[in-house]
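Thank you all for coming; I would like to take a few minutes to walk through one model with you. Please have a look at it first, and then we can go through it together.

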Amino acid sequence: MSQKKVDQYKESKKTRKQDIAKQKRRSKVTRAVVAVVCAALVIFICASIATTFVIPAIQSSISSELDKKYADLDSQLIVATDTDAE
């Protein structure tokens, strides 16, 4: 080996622990960022599905049930006021 290569090897050996620690930190940060992005993507997809399909279906079923109840109440009020007027 030439002297230059020997010096490079010694230098890399000195900083090997710091380099490995940097790689581990970088790997952990990358995994955390990927996890956050994936979680945000899943939440966005679920929210889109909910606002597109689930909420309108619930609202329409609730409004139809309320319409039926109020129609029944209205008919009862009309019958009650007719009998009271006589």
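How many disulfides does the count come to? Before I answer, let me say that this is a predicted model, and that a disulfide here is a pair of cysteine sulfur atoms within 2.5 Å. By this rule the count comes to zero disulfides.

Turning to the overall fold, the secondary structure consists of two helices and zero strands. Helix H1 covers residues 3-14, and its twelve residues should span 16 Å at 1.5 Å a residue, which agrees with the 17 Å that separate its end C-alpha atoms. None of these twelve residues is buried, so H1 lies largely in the open.

That is in keeping with the protein overall, where 0% of the 86 residues count as buried. The exposed surface comes to about 8000 Å², and 65% of it is supplied by carbon and sulfur atoms.

Helix H2 takes in residues 16-85, and Ile-55 lies within it.

Conventions:
Residues are numbered from 1 along each chain as its sequence is written. This is a predicted model: local features need pLDDT of at least 70, side-chain atom pairs count only at pLDDT 80 or more; totals for chains, interfaces and linings use all residues. Side-chain values use heavy atoms; hydrogens and water are left out. Helices (H or I, at least four residues) and strands (E, at least two) are DSSP runs, numbered from the N terminus. Buried means under 20% relative accessible area, exposed over 50%, partly exposed in between (1.4 Å probe, protein chains only). Accessible areas come from the Shrake-Rupley method with a 1.4 Å probe; for residues, only the protein chains shown count as cover. The expected span of a helix is 1.5 Å times one less than its number of residues.
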